[in-house]
Amino acid sequence: MTRPRITIVTDGACSGNGTARARGGWAAILVGPDGRTKELSGAEAPTTNNRMELRGVIEGLRALKAGWPGEIQTDSAYVADAITKGWMAGWKRRGWKKSSGEQIKNEDLWMLLDEQLTAHPDLVITWVRGHNGHPMNERADRLAVEAAAHGPR
């Protein structure tokens, strides 16, 4: 029996990106083949936008049963390119270092994402243009911004 693919639309947001006072939020929306949705969101502080983009993908995958086929839709080129262009695989081979030998940023989250990608081998990663009228991406953005505004201080 072929399992239907679950779509996971993710986003991250951050106010004061990279500063000691930065507050961020992440969101993941799981969309089943029947159109039903499950919305997840959370917040962290201090943080960065890239960390929140990664957290949205990680938490979305955590909510998907291991081995279940899925599609991640993210507006983060940082995340999508790292996975689809092989950068992440290269970092992992080099002990989470860039080709220059410099340690990658957000190593802790890349390692968590790697665990989730291993648990979900039948996964498609799709980059979508943010703030471009994609209804689920717009909803994920609102959830992430809301989480950042009301989350930890």
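**Trp96.** I started with tryptophan 96, which sits in the loop between helix 3 (87-93) and helix 4. I take helices (H or I, at least four residues) and strands (E, at least two) as DSSP runs, numbered from the N terminus. Tryptophan 96 has a positive phi of about 65 degrees, though it is not a glycine.

**Ground rules.** This is a predicted model, so I noted that local features need pLDDT of at least 70 and side-chain atom pairs count only at pLDDT 80 or more, while totals for chains, interfaces and linings use all residues. Residues are numbered from 1 along each chain as its sequence is written, and side-chain values use heavy atoms, with hydrogens and water left out.

**Pro46.** Next I looked up the loop between strand 3 and helix 1, where proline 46 is placed. The peptide bond from alanine 45 to proline 46 is cis, with omega near -15 degrees.

**Helix 1 on helix 4.** I read helix 1 (residues 49-62) and helix 4 (residues 107-119) as packing at about 25 degrees, axes 10 Å apart. Axes are lines fitted to C-alpha atoms, for helices over the stretch in contact, and angles run from 0 to 180 degrees between N-to-C directions. The two helices are therefore roughly parallel (under 35 degrees; over 145 is roughly antiparallel, 65 to 115 roughly perpendicular, the rest oblique). Their crossing is left-handed (near helix turned anticlockwise from the far one by less than a right angle; clockwise is right-handed). Ala, Val, Leu, Ile, Met, Phe, Trp, Tyr, Cys and Pro count as nonpolar, Asp, Glu, Lys and Arg as charged, and the others, Gly among them, as polar.

**Helix 2 on helix 4.** Helix 2 (residues 77-84) packs on helix 4 at about 55 degrees, with axes 13 Å apart. That pair is therefore oblique, and the crossing is right-handed. Tyr78, Val79, Ala82 and Ile83 of helix 2 meet Trp110, Leu113 and Leu117 of helix 4. I find seven nonpolar residues here, no polar and no charged.

Notes:
Contact means heavy atoms within 4.5 Å.
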